[in-house]
Amino acid sequence: MSEKLGPGSDAEDTKLKGTLLRYQIGSHNQVIANLQDRIAEHTELRDRRIAELESLQPAPTAEQSHKVEQIIPLSGQLDIYRQDELGVISSCLDDPIVSKITVDLSQAESVDAAVLSTLVSFNQRSLELKKELVLLDPPKPILEIFSRSLKPGYFKIEVSPVDTN
């Protein structure tokens with residue numbers, strides 16, 4: 001017996017579901033590509049602006065050369081739609097006064113591949129700029145993602161002391 005093709009048939013439903021799934025995947029891939037293009041454009045613009053500002057700035061005084069640590073808390077699910085929040089880290093990397101950037105992940109729940117890639121990029125930039133980038137208190141699920149995706153010790157990770165009182 002042959003299967004009936006046509007509206008309402010199982011084969012037609014399966015075909016439509018497959019088409020819809022391919023469309024959704026293509027749509028998500030396009031969104032990711034567009035966001036990556038926008039990030040690249042913003043990075044290029046930021047680099048040009050920094051170069052312009054640096055050429056206009058006088059040499060720092062002894063008081064200005066004092067280096068500071070910046071702590072940046074991130075919480076919840078860190079995914080591609082939260083890239084703007086990660087821009088704060090980029091700004092700190094570009095700030096000549098900031099020598100240490102601590103990203104507090106104690107309240108983070110998860111990271112997606114885009115955020116992981118961004119953190120890797122920030123880590124590389126921090127090394128190039130001779131700045132310290134520290135991830136503070138990442139929860140176990142995030143540590144597991146790091147261990148599956150990166151060489152051990154890739155990120156500098158610190159754990160807050162446990163309060164025993």
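**Briefing: pocket, strands and nonpolar core**

Three helices, α1 (10–56), α2 (83–94) and α3, each contribute at least two residues to the lining of the largest pocket. The model is predicted: local features require a pLDDT of at least 70 and side-chain atom pairs a pLDDT of 80 or more, whereas totals for chains, interfaces and linings use all residues. Residues are numbered from 1 along each chain as its sequence is written, and side-chain values use heavy atoms, with hydrogens and water left out. Helices (H or I, at least four residues) and strands (E, at least two) are DSSP runs numbered from the N terminus.

**The largest pocket**

- The largest pocket holds about 810 Å³ of space, a volume filled by probe spheres set on grid points joined across faces, edges and corners.
- Of the 25 residues that line the largest pocket, R38, I39, H42, T43 and Q83 are the closest to its centre.
- Which element gives the most to the lining of the largest pocket? Helix α1 does, with 10 residues.
- A pocket is an open set of points, on a 1 Å grid over the protein atoms alone, where a 1.4 Å probe fits, with protein on both sides within 12 Å along at least five of seven lines; lining residues have an atom within 4 Å of a point.

**Strand β3 and its partners**

- Strand β3 (132–136) is mostly covered, since 4 of its 5 residues are buried (under 20% relative accessible area, with a 1.4 Å probe and protein chains only).
- Strand β2 (residues 98–111) pairs with β3 in the parallel sense over 5 bridges; pairing requires at least two DSSP bridges.
- Within this part of the model, I101 stands opposite L133 in β3.
- Strand β3 is also joined to strand β4 (residues 156–158) by 3 bridges, and these two run parallel.
- In β4, E158 is the bridge partner of L136.
- Together, β2, α3 and β3 form a right-handed β-α-β unit; with the strands pointing away from the viewer, the path from the first strand over the helix to the second runs clockwise.
- The chain also crosses from β3 through α4 to β4, in a β-α-β crossover that is right-handed.

**The largest nonpolar core**

- Of the 25 residues in the largest nonpolar core, those touching the most other members are L74, I89, I101, V103, F146 and F155.
- The elements giving two or more residues to this core are β1 (68–78), α2, β2, α3, β3 and α4.
- Strand β2 gives the most to this core, with 6 residues.
- Such a core is a set of buried Ala, Val, Leu, Ile, Met, Phe, Trp, Tyr and Cys residues joined through side-chain atoms within 4.5 Å.

**Residue Q70**

- Although Q70 and V103 are 33 residues apart in sequence, they lie 8.4 Å apart in space, C-alpha to C-alpha.

- Most residues other than glycine have a negative phi.
- K130, which is not a glycine, has a positive phi near 60°.
- K130 is found in the loop between α3 (113–128) and β3, and counts as exposed (over 50%) because its relative accessibility is 75%.
- D137, also not a glycine, has a positive phi of about 50°.
- Is D137 buried or exposed? D137 counts as buried because its relative accessibility is 18%, and it is found in the loop between β3 and α4 (140–149).
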